[in-house]
Amino acid sequence: TLGPYIPQFISIEQPLTENTCATNDFSGIAYADQTSGNGANNACNRNQQHGMYLDQRSYPVLTRNSCLGNKESGFSFFSRACGTLRGNVAGENGKQGFSIAGHAQPLLEANTAKRNLDSGIFYHDHAAGTAMNNTCESNRKYGMYLAKQARPSVKGGVYRANRVGGVERGR
């Protein structure tokens, strides 16, 4: 099953807040197509794939959410998803805390990624956007990994006690 799925081409007038979306077959909360809206103080934990899944051209504003113990990534951006993430926590996920793939271009600001089994923040493919003042600590690989073709703007941040390294660009 899927937790709350926000269908295409809508803007959610009421914020999606204070939900617990756990142990779903796919994701806790999914934004797809051209959806927008605000999501705050949600807990998306122990899902079979992602805590929060953002795809296509979705562009929500997500603040103070937690995605813990998901089998894949805590927050996952695919395709051309955008949006703004501020003050969120992604920890103890099976892969990355924040995964940005395809041509996604989110703003990640003041988020925390800790104790993930891969990297805290991972930019794949041709992903871009901005990562500003995030904290990545005690991840099994890197604090932040930038794949060869990825081109995000990285400003500030704390990268400590990550097993392999702080910020690394692929070759």
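The sections below describe a predicted model.

## Nonpolar core

The largest nonpolar core holds 28 residues. Those that touch the most other members are Met52, Phe77, Phe98, Ile100, Leu108, Ile121 and Tyr123. Two or more residues come from each of β3 (27–31), β5 (50–54), β8 (75–77), β11 (98–100), β14 (121–123) and β17 (142–146).

Beyond its neighbours within four places in sequence, Ile121 is in contact with Phe98, Ile100, Leu108, Asn134, Cys136, Gly143, Met144 and Tyr145.

## Pairing around β17

Strand β17 runs parallel to β14, and three bridges join them. In this pairing Phe122 stands opposite Tyr145 of β17. Strand β17 is also joined to β20 (residues 165–169) by four bridges, again in parallel, and Leu146 stands opposite Arg169 of β20.

Four of the five residues of β17 are buried, so the strand is largely enclosed by the rest of the structure.

## Salt bridges

The model has five salt bridges. One of them joins Arg86 and Glu109, with the closest N and O atoms 2.7 Å apart. Arg86 lies in β9 (residues 84–86) and Glu109 in β12 (residues 107–109), 23 residues apart. Arg86 is partly exposed, at a relative accessible area of 37%.

Asp118 and Lys141 form a salt bridge with an N to O distance of 3.5 Å. Asp118 is in the loop between β13 (112–114) and β14, and Lys141 is in the loop between β16 (135–137) and β17, so the pair ties together parts 23 residues apart in sequence. Asp118 counts as buried at 13% relative accessibility, whereas Lys141 is partly exposed at 39%.

Notes. Residues are numbered from 1 along each chain as its sequence is written. This is a predicted model: local features need pLDDT of at least 70, side-chain atom pairs count only at pLDDT 80 or more; totals for chains, interfaces and linings use all residues. Side-chain values use heavy atoms; hydrogens and water are left out. A nonpolar core is a set of buried Ala, Val, Leu, Ile, Met, Phe, Trp, Tyr and Cys residues joined through side-chain atoms within 4.5 Å. Buried means under 20% relative accessible area, exposed over 50%, partly exposed in between (1.4 Å probe, protein chains only). Contact means heavy atoms within 4.5 Å. Two strands pair if DSSP finds at least two bridges between them. A salt bridge is a side-chain nitrogen of Lys or Arg within 4 Å of a carboxyl oxygen of Asp or Glu.
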